[in-house]
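Hi,

Here is the structure I promised to pass on. Have a look at it first, and then read my notes below.

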Amino acid sequence: MQVIKYAFQQHGDERGQLVALEEFKDIPFKIKRVYYMYDTAQGVTRGYHAHKSLQQILICIHGSCKIRLDNGKEKKIVTLEKPYEGLYVSNVMWREMFDFSSDAVLMVLASELYDESDYIRDYDEFLKFVNSKDGVKE
Ligand code: TYD
């Protein structure tokens, strides 16, 4: 499994750092939605779902957290701990977010509006979805 982690351009000077993200330039899709998680309770794991179509970029803009990615065949754990790092999470990818530092702010840039019908929240259903996709010639 290929993990795509961006290191966004930092516009730093003596005043500090600034990162700017533009759709189709820094982000490989049109950004239709932004949401973020903070005040995450210690020991909590969030996510436990995949999406049929949605693509996302995860940025831990403060603090740190870990992301478990699972494409149904392979699993990888990625640490996000810099405000200029972005993890690309494709569609059909099971994700779990954990090990949040108490000051963590995890921001998500999403390619689609919120749509519950795009979620796969059952792991066995996710594996069936992956296997059914394998049968489809691209
Ligand atoms: P949830 O899907 O449980 O978050 P995660 O699984 O990623 O930890 O979302 C928590 C709540 O927020 C749930 O009631 C749905 C709502 N929500 C929105 O209204 N819009 C959104 O864009 C997202 C991501 C969640």
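Before we start, one term: a residue is called buried under 20% relative accessible area, exposed over 50%, and partly exposed in between. Also keep in mind that this is a predicted model.

Let's begin with D13. Where does D13 sit? You'll find D13 in the loop between β1 (5–7) and β2 (33–37). Its relative accessibility is 34%, so D13 counts as partly exposed, since that value falls between the two cut-offs. The side chain of D13 also makes a polar contact of 2.7 Å with the side chain of R15.

Now for the ligand. Which residues surround the ligand? They are R33, Y35, R46, G47, H49, M97, Y114, Y119 and R121. Sorted by kind, the shell has four nonpolar, two polar and three charged residues.

In R33, a side-chain N or O atom is 2.3 Å from an oxygen atom of the ligand. For R46, the distance from a side-chain N or O atom to a ligand oxygen is 2.7 Å. R121 has a polar side-chain atom 3.3 Å from an oxygen atom of the ligand.

How much of the ligand does the protein bury? On its own the ligand exposes 530 Å², and the protein buries 58% of that. As for the elements involved, β2 and β3 (46–51) each give two or more residues to the shell. The largest share comes from β3, with three residues.

Key:
Residues numbered from 1 in each chain as written. Predicted model: local features only at pLDDT ≥ 70, side-chain atom pairs only at ≥ 80, totals over all residues. Heavy atoms only, no water. Helix = DSSP H or I, 4+ residues; strand = E, 2+ residues; numbered from the N terminus. Buried < 20%, exposed > 50% of the residue type's maximum accessible area, 1.4 Å probe, protein only. Polar contact = N/O pair within 3.5 Å; in protein donor to acceptor, adjacent residues only side chain to side chain. Near = heavy atom within 4 Å. Areas by Shrake-Rupley, 256 points an atom, 1.4 Å probe, with all protein chains shown as cover. Nonpolar A, V, L, I, M, F, W, Y, C, P; charged D, E, K, R; others polar.
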